[in-house]
Structures are given as structure tokens and as C-alpha cells.
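Here are my notes on this one, jotted down while clicking through it. Have a look at the structure first, then see whether you read it the way I do.

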Amino acid sequence: MLVDSYDRVVDYLRVSVTERCNFRCTYCMPEKPFSWVPKENLLTFEELFEFMKVAIDEGVKKIRITGGEPLLREGLDKFIKMIYDYEPSIDLAMTTNAYLLKGVAQKLKDAGLKRINVSIDTLIPSIAKDIAGKDVLKNVLAGVEEALAVGLKVKANMVPMKGVNASEIMDILEYCKKRNISVRFIEYMENAYAAKEIQGLKSPELLEILKQKYQFSDDGFDGSSPSHYYTMKDGYRFGIIEPYEDDFCKKCNRIRLTAEGNLIPCLYFDEALSIAESIKKGDIKAAALVLKEVVRTKPEKNRWGGEDGEVSSRAFYETGG
Ligand code: SAM
Ligand code: SF4
């Protein structure tokens with residue numbers, strides 16, 4: 001079992017299989033980065049899998065594939081199948097923008113994928129274009145419908161932004177509710193790469209808007225999920241992710257692996273240790289030691305909302321959010 005210095009059990013690994021993306025979301029990657037990680041520096045799926053085995057053997061129970069946009073990487077179904085065949089009980093999930101999902105959802109499910117989280121920030125084509133930098137909405141929604149049709153469990157992520165998509169909070173909730181998709185509203189997290197003008201909505205503002213139309217109870221937190229959950233009278237549940245709250249990191253159970261093999265203890269900070277060399281050499285013991293050291297050095301909490309006005313210099317498209 002992996003336990004950090006604050007007695008938190010770490011059993012969740014998020015794996016970014018590429019930092020590249022076909023979208024340019026204003027809150028994540030408004031500009032193409034000056035340079036991408038060269039392809040030869042990326043770990044192959046076989047190498048990533050070698051590390052997945054180490055992590056699973058050390059106690060990881062949930063793996064989420066993310067990016068950049070994970071569906072840009074060829075052979076993803078084979079990677080999913082490798083993990084599934086090694087440990088079928090792993091909670092195997094993926095976060096995607098869904099643009100390329102139609103046509104591959106069945107293949108991913110057959111390979112062992114259980115759940116997906118899709119970013120749905122708007123239901124208006126022109127706003128989707130403003131947020132993602134191109135005309136994406138039709139493909140995204142087609143991807144969602146197909147994922148549901150093949151029986152993948154689907155959750156939605158929305159980052160509400162003032163003057164952009166905040167007026168659609170209720171429409172997105174309704175869209176999701178109709179399809180029994182649980183939506184999570186994510187407070188915009190400031191970072192050095194995002195567009196400067198973005199103003200996110202904080203949890204109290206979101207709740208104020210939702211209360212105008214709905215009645216719901218406050219369920220608090222569920223296990224180690226980062227979502228603060230609320231349940232409506234008819235049983236529909238939605239969540240708010242509140243990284244600016246003081247107790248947000250109290251139950252954090254996750255670490256992150258980048259596509260080039262950097263293992264990151266916290267989404268906010270730059271600190272990381274590489275497992276690339278040990279995995280490439282086939283030195284499993286060394287990789288396990290790096291894993292334990294990264295868990296040991298997990299910071300107590302992030303610094304979003306800190307008084308010094310510092311901004312995270314970690315790119316979401318590198319860590320996978
Ligand atoms: N491309 C995939 C997608 O968009 O779902 C996966 C990677 S993306 C980095 C993962 C999640 O991070 C998405 O739900 C996205 O909304 C969220 N995200 C990215 N930048 C963010 C920011 N500045 N604040 C809050 N959430 C952010
Ligand atoms: Fe790409 Fe996801 Fe970042 Fe948007 S949030 S730019 S889809 S990685």
C-alpha cells in the first residue's frame with residue numbers, strides 16, 4: 001500500500017499519454033506550445049505498461065488515461081487491454097474531449113475501459129469554437145452519444161467562465177440529467193498557460209445560480225473523490241470541484257504520470273521525478289523506489305487561492321488535469 005506523509009492512501013494514478021491536443025481550450029492550451037516533447041522522448045505503451053504493473057503491484061486501484069487528448073495517440077485500445085488483462089478489477093477510466101470518440105468507443109470498451117469523463121463546456125456551437133479554437137461541438141456530442149450507446153459510464157466536466165459559458169450552467173445540467181450523466185462543475189484553476197482574461201466562477205456563485213431553479217441537498221464528499229456532491233429531489237447528483245477550498249487536498253489519493261515518464265506528486269507544483277530511465281533499463285525495483293519517493297513527498301495541499309498571488313506553472317495539458 002502507498003501511504004504519503006499525511007497518512008493519505010495513494011491508490012489512483014492518472015496517466016497522460018500525450019501532451020498534444022486537437023483543441024486549444026482557453027483555460028488550458030490557448031496557444032500551441034513553443035515545442036512539443038519530441039516523439040522519441042515519449043514512453044511507448046509497453047514502457048508505460050511496465051510502470052502500470054509496478055503501480056498496481058504497489059496498491060494502485062484506479063487508473064485514468066488522460067492527456068493532452070488521449071485519443072490522438074494510436075493504439076490506445078491495446079494499452080487499455082494490457083492493463084485490463086493484467087488486473088481486470090482495476091477501475092479503468094479516461095478523460096477526453098470526445099472529438100474523436102465516435103467510431104472508437106466500442107473498441108475502447110471491449111478493451112476494458114469502464115468509464116469516461118468528457119469536457120462539455122457549452123452546448124452552443126459558436127461558444128464551443130470560442131473556447132476550443134475550432135468548430136468542435138457536433139463531434140463532441142456525437143462522441144458522448146456513442147459512448148452512452150455502447151454502455152460506457154459517462155461523467156461530464158464543465159469549467160464555468162464569466163461572460164463565456166456561465167449562462168449555460170443550467171442547460172448543461174439539464175442535458176446531462178436527461179442522459180443520466182453526472183456533471184461536475186470545475187472551478188477554473190489559474191495557471192501560467194491559460195488565457196489571462198479568464199474569470200472562473202467559484203462554488204458559492206455556482207450554487208447561487210443553481211438554487212434559482214433547483215432544490216438539492218449537500219452530500220459533502222464521497223470517499224476520496226475531489227467533488228463536493230449535491231443531490232436533487234429526484235435523486236440526480238452533480239458535483240463541484242473546489243480546489244480553492246482549504247480542505248480540498250485532505251483526501252487526495254492521486255499522483256500523475258506524464259507521457260515522458262515524469263511522476264508528479266501534485267497538480268499544482270513543478271516537482272517531479274522520472275521513472276523513464278529505470279523503466280527503459282527494465283529496473284523495476286528502481287521504478288518502485290521512485291514511486292514510493294513521489295508518494296512520500298506529496299505536499300499537504302495545493303496553493304490555489306494562496307495569499308501571495310502565485311500562479312501554478314504546471315500545464316494542465318501535460319499533467320492531464
Ligand atoms: N483533453 C481531455 C479533456 O479535455 O477532457 C483531457 C485532458 S484535460 C487537461 C483534463 C481536464 O482538465 C478537463 O476536464 C479540463 O476541463 C480540465 N482543465 C484544464 N485546464 C483547466 C483549468 N485551468 N482549470 C480547471 N480545469 C481545467
Ligand atoms: Fe486539450 Fe483537454 Fe486541454 Fe482542452 S482541456 S486544450 S481538450 S487537453
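1. Let me start with α1 and helix α9 (residues 284–296): they pack at about 60 degrees, their axes 10 Å apart. The crossing of α1 past α9 is right-handed. On the α1 side the contact uses E50, F51, V54 and A55, and α9 brings I284, A287, A288 and L291. By class that contact has seven nonpolar residues, no polar ones and one charged. Keep in mind that this is a predicted model.

2. Helix α1 (residues 45–57) and helix α2 (residues 76–86) have axes that come within 10 Å and cross at roughly 25 degrees. An angle under 35 degrees counts as roughly parallel, so α1 is roughly parallel to α2. As for handedness, α1 passes α2 in a right-handed crossing.

3. Which residues of α1 meet α2? They are F45, E46, L48, F49, M52, K53, I56 and D57, and on α2 they meet L76, F79, M82, I83 and Y86.

4. The axes of helix α6 (residues 169–178) and helix α7 (residues 203–211) come within 10 Å, crossing at roughly 70 degrees. That angle makes α6 roughly perpendicular to α7. From α6 the contact takes I169, M170 and L173, while α7 supplies L206, I209 and L210. The class count for α6 with α7 is six nonpolar, no polar and no charged residues.

5. On to the ligands. Ligand 1 is surrounded by 20 residues, and the closest are Y27, G68, S119, N157 and M189. Where do its polar atoms sit relative to the backbone? One nitrogen atom of ligand 1 is 2.9 Å from a polar backbone atom of M189. A backbone N or O atom of G68 is 3.0 Å from a nitrogen atom of ligand 1. With T96, the pair is an oxygen atom of ligand 1 and a polar backbone atom, 3.3 Å apart.

6. Ligand 2 has C21, F23, C25, Y27, C28, M29, G68 and N97 around it. How many of these shell residues are charged, and how many nonpolar or polar? The shell has no charged residues, six nonpolar and two polar.

Terms used. Residues numbered from 1 in each chain as written. Chains lettered and ligands numbered in written order. Predicted model: local features only at pLDDT ≥ 70, side-chain atom pairs only at ≥ 80, totals over all residues. Heavy atoms only, no water. Axes fitted to C-alpha atoms, helices over the stretch in contact; angles between N-to-C directions. Helix = DSSP H or I, 4+ residues; strand = E, 2+ residues; numbered from the N terminus. Parallel < 35°, antiparallel > 145°, perpendicular 65-115°, else oblique. Left-handed = near helix turned anticlockwise from the far one by under 90°. Contact = heavy atoms within 4.5 Å. Near = heavy atom within 4 Å. Nonpolar A, V, L, I, M, F, W, Y, C, P; charged D, E, K, R; others polar. Polar contact = N/O pair within 3.5 Å; in protein donor to acceptor, adjacent residues only side chain to side chain.
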